[in-house]
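Hello,

Here is the structure I said I would pass on. Please look through it, and then read my notes below.

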Amino acid sequence: MTPTQSSPRKAIIIGGSVGGLFAANLLTRRGWEVEIFERTPEALTGRGAGIVTHPELFEALAAAGVTVDDSIGVSVNTRVTLAHDGSAVSDRELPQTLTGWGKMYEVLGNAFPGIYCTGAHVTSVASHADHAEITLQDGSIHRADMVIAADGFRSAVREQLLPTAQLEYAGYIAWRGLVDETDLTPATHAAIFDKFAFCLPPHEQILGYPVAGERNSTAPGQRRFNFVWYRATGDNALADLLTDANGKCWSTGIPPGLIRPDVIADMESAASDLLAPQFAEVVARTAHPLFQPIYDLTVPQMAFGRVALLGDAAFVARPHCGMGVTKAAGDAMTLVRALSDAPTIEAGLEAYSAERVQVGQAIVEHARHLGAYMQAQLKSDEDRAMAERYRTPEAVMRETAVSRRF
């Protein structure tokens, strides 16, 4: 064999978040040399968004060399829906493990033995007959056998390769936050902390569940409660929410620290008026609430010669099905399998694209179905009335963030 043939193949991954780390770990374990280029200047630690786990996620973690034990998340057995007065109006048994983004980042980062470059702003990608390459903001060019873009829902690589694929605002936002379990009153803790809890005020929906706490601890007393509150918001109202105190509008998402105090105050007032008292307490005691506009995005392909898209860089699904991280993990699993089965890198990436485009489309459509009620709130009275017919507590608990294969 020639030296070129015997040397390991090299992959560059753009984006060092969870999706990029899944791909990096899986490729490394298949003998690839992997280098990650992450735009942010520091490691992505401290992000605490909740994650609903699914069997496919655990399969991918095991394949990536991560030991899955009780410390991976917080287990719950019950789902409950609360009325406005805080009483339980419906419940059902559904065992599930809830974890946090920070926990996934920690275990995948610890498993990755390769090079992780921070502060690396990729300005362009290119695919050639015998290699792929990226260009950084400093003008340097880096070559590899393959480039995987896992640079998130605002992917610059997707913008370059598929400029017509644009985020579509769904007509509502999601407020999110975390509160330490020790900051909750005993009554609220007893009512919801060990459950996947819901509340369905008119035209809205909030849900919450326990996740790992500071330093990703899952020990009792050291965990947090994570909430997601969906609120219908028209285009003009959204533009106002996305505008900071200096008048700058952050079009696709405002940094939490720049949300205006009056916006936070209005949200907390609405929580007190509309939500069950347990959820109102969770919202009021959250130190740093944030909100995200809800978007859909689909792409017709995920492979471009020796360059491929992965995770939210390709398909952005509403969070109702709780599949964001699991989707990225599934992309990574399919990617390494397709590359192993194909005679060339290009053929492997094409096979990967053909399979995962179908899966991505199905997940986005399922998430649209689950979010149809919220989207209907900005439509006609007839649309709202029709949507209301399918929003029973039982239906919401049965369909939201449940495991299913696509």
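Disulfides first: counting a disulfide as a pair of cysteine sulfur atoms within 2.5 Å, the total is zero. For background, a disulfide is a covalent bond between the sulfur atoms of two cysteines. Cys-321 is buried at 2% relative accessibility, whereas Cys-249 has a relative accessible area of 41% and is partly exposed.

Please keep in mind that this is a predicted model, in which local features need pLDDT of at least 70, side-chain atom pairs count only at pLDDT 80 or more, and totals for chains, interfaces and linings use all residues. Residues are numbered from 1 along each chain as its sequence is written, and side-chain values use heavy atoms, with hydrogens and water left out.

Next, a helix pair. Helices (H or I, at least four residues) and strands (E, at least two) are DSSP runs, numbered from the N terminus. Helix H6 (residues 186-193) and helix H9 (residues 277-284) have axes that come within 10 Å and cross at roughly 110 degrees. Axes here are lines fitted to C-alpha atoms, for helices over the stretch in contact, and angles run from 0 to 180 degrees between N-to-C directions. H6 and H9 are therefore roughly perpendicular to each other; the classes are roughly parallel under 35 degrees, roughly antiparallel over 145, roughly perpendicular from 65 to 115, and oblique for the rest. With contact meaning heavy atoms within 4.5 Å, Thr-188, Ala-191 and Ile-192 of H6 meet Gln-278, Glu-281 and Val-282 of H9. The residues of this contact comprise three nonpolar, two polar and one charged. In that scheme Ala, Val, Leu, Ile, Met, Phe, Trp, Tyr, Cys and Pro are nonpolar, Asp, Glu, Lys and Arg are charged, and the others, Gly among them, are polar.

Two strand residues come next. Leu-98 sits in strand E5 (residues 88-100) and is buried, at 0% relative accessibility. Apart from neighbours within four places in sequence, Leu-98 has contacts that include Ile-51, Val-74, Phe-196 and Tyr-209. Between the C-alpha atoms of Leu-98 and Phe-227, which are 129 residues apart along the chain, the separation is 12 Å. Glu-35 belongs to strand E2 (residues 33-37) and is also buried, with a relative accessible area of 12%. Leaving out neighbours within four places in sequence, Glu-35 touches Lys-10, Ala-11, Ile-12, Ile-13, Ile-115 and Cys-117.

Now the loops. His-203, in the loop between strand E12 (196-199) and strand E13 (204-211), has a positive phi of about 70 degrees although it is not a glycine. The relative accessibility of His-203 is 41%, so this residue counts as partly exposed. Asn-216, in the loop between E13 and strand E14 (224-232), is not a glycine either, and its phi is positive at about 60 degrees.

Leu-378 lies between helix H11 (345-376) and helix H12 (381-388), in a loop, and is partly exposed at 45% relative accessibility. Beyond its neighbours within four places in sequence, Leu-378 contacts Gly-171, Ala-232, Thr-233 and Gly-234.

Finally, an unreviewed UniProt entry annotates residues 299-366 as "domain: FAD-binding". UniProt positions are given in the numbering used here, feature names are shortened, and annotations may be inferred rather than shown by experiment. Over residues 299-366 the chain is 59% helix and 7% strand, with end C-alpha atoms 16 Å apart.

Regards

How values were computed:
Buried < 20%, exposed > 50% of the residue type's maximum accessible area, 1.4 Å probe, protein only.
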